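Open your viewer and get ready to click through the model below. We will go from one selection to the next and say what is there.

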Amino acid sequence: MLIKELQEKILREEITIEEIVAGYLNKIKDSANINAFISLNEMAINEAKEADKRIGMEKKLKPLDGVVFAVKDNILVKGMMATAGSKILKDYSATYDATVIKRIKENGGIVIGKTNMDEFAMGSSNETSYFGLVKNPIDNDRVPGGSSGGSAASVVADLSLVALGSDTAGSIRQPASFCGAVGFKPSYGAVSRFGLIAMCSSLDVIGPITKSVEDCEKIFEIICNRDNYDSTTVDVIDFDKEFDELDLHNITIGVPKEYFVSGINEEVELKVKEFIIKLQEKGCEVKDISLKHTKYSLPAYYIIMPAEVSSNLARFDNVRYGAKLDDLKDLDIKSLKDLYFKTRGDGFGKEVKRRILLGTYVLSKGYYDAYYLRAQKVRTLIRKDFEDAFESVDFIMTPTAPTTAFKLGEKSNDPVSMYLSDIFTVPMNLAGVPAISLPLCKDSNKLPIGIQIVGKRNEDKKLLKISKLFEKLIGYKYE
Amino acid sequence: MNEKEIDHLLTLARLEIGGKEKEGLIDDLSLVLKYVDQLLEVDVKDIDGQTGGTDNFNVIRNDCFENRGFSNVDVKNSFPNIDGDFLKVPKVFE
C-alpha cells in the first residue's frame, strides 16, 4: 500500500496508527529468520498512540503520519542502539537524532527498528554483520544485497512501509535491486549526513528504500536540503512537473556501452535492453554514449574509500565508544596501548580490518602520491565523464547490478569478486550524481532484476519525476 | 606485501591480530593492490584531483560557545567507562 492510500484510510478512521505499528511488530516477530532487524523501538506503540490522539483532535495529518520506517543501524535515533552492524558498537546507544530522523519525526514518521547491515557499511551482501547475515525475502538461500540489506529486506517483506539506507558505492541501490524494491541514492550533499556513522565521508549518502517512487519522493521532500549541522549539504533544484507518455518524445536517454560488457548476467542485460527499446518505441530518443573511465571507478573507489575509512574508524578505540573494562577481561588489557590495539583487533570484523589496513597503506609516506592522489585525479575524470554525457542526454540508463541476488556464502571468500557487485553503482557515488534503482521484472529463477536511472547532479527531483513515469511503464508486480 | 609491511600498518592502525588472520590479510591486501594498479593506465597529467565530495566552501564562524542541544548526561552515560565526570582509561605507561 502506498503512503497516500494508507493516509486516506487513517483519515476515514478505517485504521489507526497504533494498529499499523502493532501489525508490523507482529510481522517482524514472525519473520525473525530473515534477521532484518538488530533492535526494535520499544516506544513505537506509545508514539503511535500519541499520533492517533493528536490526529483525533486536529483531524488532519502531518506529511508522514502513519509511515513506519525501518532505519539502517548506522543512522542515529536517540535512545536506540546504533551498532553499525559491529561488535565494537554492540552496546552503544545514540545520544541524539540524526537530522534525517529529526525531520522524519517532526513530520509524523515513526521508527519501528534499526536494521541489520554489513559491518560499518562495508559489504555488498549483508554477510559481514556481527549480528548475523540477512536473508533475501524472495529466496531465503540468497543474499539481500548490501550494505543496506536489512532495510531492503524489511520493505520487501512488509516489515515496515519504508526504510532508510545509506549508499557509498551502491549500498541502497544494489540491495533494492536484489530484493525488488525502489532504492534512491540522492546527489552527494542533498541529504544531511549529521548523525550518520561515517564510513567514507566524501561518498556517503542517505536515501529511502520503498515500494514506489511516489513514496520515495514524499520522504526525500522531508529529508533533503541544507542542514546547518552538515556543511557539505546543498539545496537541490526544485522541479514539480509531472511527466506523462507524451513527454517521452522530448527526452533523450543515454546508454553507456561500458555497462553492457562480458560478465553481466544474460537475462539482466536482455531485460534492461528490452525496456530501453520499449521507451524508444514510445518516442524516447536513445543515444549510445561512452563513460570512458567506468572501468577505473572501482579501483579508484578501493583506494579513496579505505583511506577515509582508516581515518573515520580511528575514533573507535574503546575510550568514548566501546565495552566496559570489566567485560574485556579475556583480552588481558594492561595498558592504554593494549586497550587500543586489542579492542580494535577484537571488535572489528575481517572486512573492516582489511579496509582500514588498505587505507593506512595508501595514505602512508611513499605511497600517498602513487595511490591516493592518483585515485582522486581519476575521480575528477569520472565526474567529468558524467558532466560531458549530460550535455547531450537527459538521463542515463543501466542495469543496477551485473547479476541478480547470488547465493549466501558464494562470494564471501573472494574479496575482489564481491567488490565487483558494485561495478555499475560506484561511478555515481564518485561523481556525486543522483541515481535510482527500480525493480524491472523477475528472471527465470523468479529473482528481481533492477534497472538504474541516473540524473544530473542536484537534479534529484527531476529524476524522481521521470522515474515515476518509468515505474508506471514497467508495471512491476510486488508479491 | 610482506609481513614486515603488514606489521608496520598494524602499528599505524592500532590493530592487533593473530598469526593466521595476518596471513589471510597479506594475501587479500596483495590481491586488492594488484587490482587497483589498473589506475596506472590512466593519463592524469594536468588533472586536478578532487579533495572531497562537495563543491561547497568551508563554513567559517566565530569561535564562540553555542548551545547545540546535546545533553551532557546522555553523552557521559554513553561512555563505556566513567569515573564521575571523567572518562576512565587504563594507565598510559606499561
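Start by colouring the two chains: 54 residues of chain B are in contact with 65 residues of chain A, where contact means heavy atoms within 4.5 Å. This is a predicted model, in which local features need pLDDT of at least 70 and side-chain atom pairs count only at pLDDT 80 or more, while totals for chains, interfaces and linings use all residues. Residues are numbered from 1 along each chain as its sequence is written, chains are lettered from A and ligands numbered from 1 in the order in which they are written, and side-chain values use heavy atoms, with hydrogens and water left out.

**Stop 1: between the chains**

Chain B and chain A bury about 5,600 Å² between them, 66% of it on carbon and sulfur atoms; buried area is the accessible area (1.4 Å probe) that two parts lose on being put together, summed over both. Now select Tyr35(B), Leu39(B) and Gln50(B): within chain B they lose the most area to chain A, together 13% of what that side buries.

Next, show the side chains of Glu21(B) and Lys353(A), which meet in a salt bridge (2.8 Å, N to O). The rule, a side-chain nitrogen of Lys or Arg within 4 Å of a carboxyl oxygen of Asp or Glu, finds five salt bridges across this interface. Which elements give two or more residues to the side of chain B that touches chain A? They are helix 1, helix 2 and helix 3 (72-78) of chain B. Helix 2 gives the most, with nine residues. Helices here are DSSP runs (H or I, at least four residues), numbered from the N terminus, and strands are runs of E of at least two.

**Stop 2: helix 1 of chain B**

Select residues 3-12 of chain B, then highlight Ile6(B), Leu9(B) and Leu10(B), which are buried (under 20% relative accessible area; exposed is over 50%, partly exposed in between; 1.4 Å probe, protein chains only). They cover an arc of only 100 degrees around the axis, which puts them on the same side of the helix; the arc is that of the directions from the helix axis to the C-beta atoms. The buried residues of this helix pack against helix 10 (336-347) and helix 11 (350-363) of chain A, together with helix 2 (19-36) of chain B. Just after helix 1, find Arg14(B), with a positive phi of about 55 degrees.

**Stop 3: helix 7 of chain A**

Finally, select residues 213-223 of chain A: eight of the eleven residues in helix 7 are buried, including Cys216(A) and Phe220(A). Just after this helix, Asn225(A) takes a positive phi of about 85 degrees.
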